[in-house]
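Good morning, and thank you for coming.

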Amino acid sequence: MDKVLDVVNVTKIYPNGKKANDCINLEVHKGEIVGIIGPNGAGKTTLLRQILALLEPTEGSITLLGENIIADPSIIKQEVGYEPQYPLSFPSLTVEETIGFALKFKGYKGEDFSNKLSQIIETLNLGEVRKYYGYQLSPGLIKLQLLGVALAQSESILVLDEPTSMIDIINKNHIWDILSASRADKSLLIASHDMNEVKKLCDRVYLLVNGKVIAQGSPEQISGLLKLPCKFSFSTSNSDQTEKLLVQKQLEYALGDGIFDLSVDELSAGIDLIKEINDQTSISYIQFEAPSFDETIMKLVESSHE
């Protein structure tokens, strides 16, 4: 695949001596969605600010479409659409004026401008509030508006910092669909704390802790880095019979509101158990993740502090 963004050995040391990024290497290829995850203070926002040419690295290089952004940051304005983490409102502008300003900045005029503006507003389900001023918008609607601005700006890559924070679950799933579909003509770099978002969208993930990349790969590859128990939750048509089976097998479990929670050491053992339970009493609900991406991330972060 063609490389769109290339971060090579990037280090950032602030004047007070704090090393926010420590020799980070990161790539984003054409049509790829890449995630940056990590605890608060891990260096994610500092890295994004350097990629956006808002902050100069102490060491290392960053190239976008083969151009060095430190030597020529103008390529950022030409190619990148950015959505910030925190809601940034424009109180005296309407939704369509805010997004329209970004389109005019990109050179859209006349019918092309009107069509593109309507397309973005419709795509983001902002039609009912397109005439609302910034001061009338909820934080979630402001985030949607900012995503609209990013879509208006972007040519080759979207850089999104917590793109669906403060957005309701219905619109969140809708946004995930939009971002997934956008890979047809764009690349995406997403910083997120939402593990469901990361698992659903990202082809590859970089885990940052204390300014360093401590793990990278697809969500599936990262999930397999540690040997962890397989956890699952389920309910059956006959809880009493299920409990008897679990007691016979001397398995520890938790039961609340008809939902069983338990873990087994091996995936194959979990599959065999589920088959046996389903043969005796039908399973009406099951959630099964093995191994758990979320728990692997937690364990990796914890081990990095030891």
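Among the contributors to the lining of the largest pocket, helix H3 gives the most, with four residues. Helices (H or I, at least four residues) and strands (E, at least two) are DSSP runs, numbered from the N terminus.

This is a predicted model, in which local features need pLDDT of at least 70, side-chain atom pairs count only at pLDDT 80 or more, and totals for chains, interfaces and linings use all residues. Residues are numbered from 1 along each chain as its sequence is written, and side-chain values use heavy atoms, with hydrogens and water left out.

At least two lining residues of the largest pocket come from each of helix H2 (74-79), strand E6 (80-83), helix H3 (95-105) and helix H5 (139-153). The lining divides into 16 nonpolar residues, two polar and one charged; here Ala, Val, Leu, Ile, Met, Phe, Trp, Tyr, Cys and Pro count as nonpolar, Asp, Glu, Lys and Arg as charged, and the others, Gly among them, as polar.

I turn now to a single residue. Asn 21 lies in strand E2 (residues 19-29). Is Asn 21 buried or exposed? Asn 21 counts as buried because its relative accessibility is 0%, where buried means under 20% relative accessible area, exposed over 50%, and partly exposed in between (1.4 Å probe, protein chains only).

The side chain of Asn 21 reaches the backbone oxygen of Gly 43 at 3.1 Å. The C-alpha atoms of Asn 21 and Glu 59 are separated by 9.8 Å, with the two residues 38 apart along the chain.

Key: A polar contact is a pair of N or O atoms within 3.5 Å; within protein, one must be able to donate a hydrogen and the other to accept it, and residues adjacent in sequence count only if both atoms are side-chain atoms.
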